[in-house]
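Dear colleague,

I am handing over the structure below, and my notes on two parts of it follow. Please read them with the structure open.

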Amino acid sequence: MPTSAAPALLTVGFDLDMTLLDTRPGIKATYEALVAETGVPIDADLVVTRLGPPLADELANWFPAEHIPQMLTRYRTLYRDHAFAPTVPLPGALEAVAAVRAHGGRVVVITGKYEPNARLHLEHAGIESDAVVGDLWAETKGTALRELGASVYVGDHLGDIVGARAAGAVAVGVTTGPYAAEELTAAGADVVLADLTAFPGWLAGHLAR
């Protein structure tokens, strides 16, 4: 008689910026350093209200197209000098990761951030992940989630909900980013939490179903 297949290992994906980490102070500091270096006026306060889409898209608001590749490289270099120290985990982030581990699960971080910098961010914050995939946005996040076998994806942006839906994963929205609960729900979130402090309880209930 054939034996039953072993249950799939729980894998939970998390976005990085404004989901696990409050990166706004570090991003603002990096843009201010870019302003000081280039002389181009960038409204860093505005920039940090709309984190999520690819960096090149944001830089295109301030630089001509032919300068974007150079500015991408320079921003990412400046980021290492300015962004890590002021960045802190958001409320409940460490506990959310620990909750996945407590259920025998894997933690993967799928982010639009430049992958080497994302890894350094997590190391600085003391968050251990089983995989980190960067430079992804919306549907492309779904591809990585599917390849890693993630059944849940947690994010603060409408693009994160798109990625979760594309992967067939449970889309968990958190309102620590630019969108309200109603907007995340309208985008297709299966559940919306105020922040990650509620995630361990939600996960326990989700797995008990």
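The buried residues of α10 (buried means under 20% relative accessible area, with a 1.4 Å probe and protein chains only) are covered by elements that include β1 (11-14), α5, β6 (152-155), β7 (170-174) and β8 (191-193). This is a predicted model in which local features need pLDDT of at least 70 and side-chain atom pairs count only at pLDDT 80 or more, while totals for chains, interfaces and linings use all residues. Residues are numbered from 1 along each chain as its sequence is written, and side-chain values use heavy atoms, with hydrogens and water left out.

The buried residues in question are Phe199, Trp202, Leu203 and His206; they cover an arc of only 100° around the axis, taken from the directions to the C-beta atoms, and therefore lie on the same side of α10. The face turned away from that side carries Gly201 and Ala208, which are exposed (over 50% relative accessible area).

Helix α5 (residues 93-102) and helix α10 (residues 199-208) have axes that come within 8 Å and cross at roughly 25°, so the two helices are roughly parallel to each other (a term for angles under 35 degrees). Their contact, meaning heavy atoms within 4.5 Å, is made by Glu95, Ala96, Ala99 and Val100 of α5 and by Phe199, Pro200 and Leu203 of α10.

In helix α8 (residues 158-167), the buried residues are Gly159, Asp160, Ile161, Gly163, Ala164 and Ala167, and they pack against α7 (139-148), β6, β7 and α9 (181-186). Just after α8, Gly168 takes a positive phi of about 70°.

Best regards

Terms used
Axes are lines fitted to C-alpha atoms, for helices over the stretch in contact, and angles run from 0 to 180 degrees between N-to-C directions. Helices (H or I, at least four residues) and strands (E, at least two) are DSSP runs, numbered from the N terminus. Angles under 35 degrees count as roughly parallel, over 145 as roughly antiparallel, 65 to 115 as roughly perpendicular and the rest as oblique.
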